[in-house]
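Here is a short report on one protein model. Look at the structure first, then read on.

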Amino acid sequence: MKIFLDTANVKEIREAAGWGILDGVTTNPSLVAKEGRDFLEVVREICAIVPGPVSAEVVSTTADEMIKEGRDILRRVGAPNVVIKIPMIREGLRAIKTLSSEGVKINTTLIFSPSQALLAAKAGAAMVSPFVGRLDDISQVGMEIVRDIRTIFDNYDFKCEILAASIRHPVHVVEAARMGADIATLPFAVLEALIKHPLTDIGLQKFLKDWEKMPQQARKA
Ligand code: E4P
């Protein structure tokens, strides 16, 4: 499973990229607004740090405007790894169809049901983003739609990737991998939490302490 960071914070992206396990980045208007920086400048900077796909979201709501905005983002960012994020609304479908037939990679966002994912894939989206955490928030098991989408895409051999989004904790990440999601996009704090285990820290402390007890001479190779 590919691991993306769900952030527009370049410091976090640089840090995770340095760990050698970062495959891409997703942003959304809320995450970009939080940084208080120029949208296109941030996307350009992220694209230069991460060679994998970087999602940049449109904020228009009619198909014609979304198409225009998507083309504009691609032209002005000028990086080969930009993916245009389009919301799963009626107008979004036509925008996905048009842009994907021009070879633009589309990530369909705000997916909350398998039927929405099916339509996005049929329209030509390269990725669908089911929002797992937000479904959990309203007492629906979000991960179940990841499983259903996996079954549907496999039944019909859709090449569209399943990007598990709105991930809130490490268990979501493990579940996404078990369900066969192609990608999970994580907040930086969740990525950090994946590394940690108290027994690893305790174990390492003990190894180092025991090593210190060895006579200097015996420690040399
Ligand atoms: C996906 O691409 C979205 O940016 C994101 O995962 C939304 O997550 P949230 O529900 O934590 O805002």
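Leu-191 is buried, with a relative accessible area of 4% (buried means under 20%, exposed over 50%, partly exposed in between, with a 1.4 Å probe and protein chains only). The model is predicted: local features need pLDDT of at least 70, side-chain atom pairs count only at pLDDT 80 or more, and totals for chains, interfaces and linings use all residues. Residues are numbered from 1 along each chain as its sequence is written, and side-chain values use heavy atoms, leaving out hydrogens and water.

Leu-191 touches Ile-3, Leu-5, Ala-16, Trp-19, Ile-21 and Leu-186, not counting residues up to four places away in sequence. Contact means heavy atoms within 4.5 Å. Leu-191 and Leu-5 are 186 residues apart in sequence, yet 7.9 Å apart in space, C-alpha to C-alpha.

Leu-191 sits in helix α10. Helices (H or I, at least four residues) and strands (E, at least two) are DSSP runs, numbered from the N terminus. The buried residues of α10 are Phe-188, Val-190 and Leu-191. Seen down the axis of α10, they fall within an arc of 165°, so they line one face of the helix. The arc is that of the directions from the helix axis to the C-beta atoms. These buried residues pack against the elements below.

| Element | Residues |
|---|---|
| β1 | 2-6 |
| α1 | 10-18 |
| α9 | 170-179 |
| β8 | 183-186 |

Now the sheet. 8 strands close into a barrel, in the order β1-β2-β3-β4-β5-β6-β7-β8, with parallel pairing. Two strands pair if DSSP finds at least two bridges between them. Strands β6 and β7 are joined by 2 bridges. Val-128 has Ile-162 in β7 as its bridge partner.
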